[in-house]
Amino acid sequence: MTIQSQIDILESLARADLELTDLHQELGRERAALNGKRQRLAELDARLERDRQSFGDMEKVRGELTGEMRQMSAQIEKSREKLARCRTEREVNAGQRELEELRKLYRDREQEVEKLNGLLEQARADIQKTTDSRDGLVGELSASEGDVATRLGELEKRAEERQRERQDLVGRVKPQIYRRYEQIRKRRGTAIAQTMEGTCGACHMLLPPMLFQKLKRGDDFGQCPSCNRILYFRAPPAAEDSPPRP
């Protein structure tokens, strides 16, 4: 197998690897975007469950406080009646203290209920906001999930086709060259570079003259002293002839 045929195969292999890298990156982005939306939906569902549980707990506490206030209201009424029946100063003072304590407890409960009402109103608004966000995300997923699944299927099919093409190319490359190719590709992303005028086509460093002359003879591959990529020579395209002067 000639060096030129090996160059052609390596160039095809490099193109296949670049396309596979792009396809896998695009697959990763599509999957990440879809999974991100699903994760966001799960987070919103969990938040709604927590917020609704908290809302229910606050409503329960408010109900208990309201019940206590009804009892206190009845006790205050009884305390007033008792105070009206007092005959001695001592009884009056005791009755007034009892009534004031009940009124203070009632005001405290009123403040707690008022505070809870504000928290419940805020919680209700938060739940509605989260519900709206969740419903919007569900609609977005419903509208796009089928298209994304189709897109993923197309990308996976293209990746499988390119992988089969790659395997065919690998089978046509000399094993020792392919091992070098893979070692460099895993480190650099790309493994081959051409030179036309004495510089590496990948890192653009000037090559030693003897290496460049060796590559020009087309007997073998070389290796860039700077980036270590596999080097090969390809003559620059011939300049177009100048049009004849009139």
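The model is predicted: local features need pLDDT of at least 70, side-chain atom pairs count only at pLDDT 80 or more, and totals for chains, interfaces and linings use all residues. Residues are numbered from 1 along each chain as its sequence is written, and side-chain values use heavy atoms, leaving out hydrogens and water.

Let's start with the helices (DSSP runs of H or I, at least four residues, numbered from the N terminus). The axes of H1 (residues 3–84) and H3 (residues 175–188) come within 12 Å and cross at roughly 30 degrees, with axes fitted to C-alpha atoms over the stretch in contact and angles running from 0 to 180 degrees between N-to-C directions. The table shows who touches whom, contact being heavy atoms within 4.5 Å.

| Helix | Residues in the contact |
|---|---|
| H1 | Gln6, Leu10, Leu13, Ala14, Asp17 |
| H3 | Ile177, Tyr178, Tyr181, Arg185 |

The ring centres of Tyr178 and Tyr181 lie 6.3 Å apart with planes at 20 degrees, so the pair is stacked (centres within 6.5 Å make a pair; planes under 30 degrees apart are stacked, over 60 edge-to-face, the rest tilted). Tyr178 and Tyr181 are three residues apart in H3, so about one helical turn separates them.

Now for the largest pocket, which holds about 190 Å³ of space. A pocket here is an open set of points on a 1 Å grid where a 1.4 Å probe fits, with protein on both sides within 12 Å along at least five of seven lines; lining residues have an atom within 4 Å of a point. Of its 13 lining residues, Ala14, Arg15, Leu18, Thr190 and Ile192 are closest to the centre. H1 gives the most to this lining, with six residues.

Key
Helices (H or I, at least four residues) and strands (E, at least two) are DSSP runs, numbered from the N terminus. Grid points are joined across faces, edges and corners, and a volume is the space filled by probe spheres set on the points. Rings of Phe, Tyr and Trp (its six-membered ring) pair if their centres lie within 6.5 Å; planes under 30 degrees apart count as stacked, over 60 as edge-to-face and the rest as tilted.
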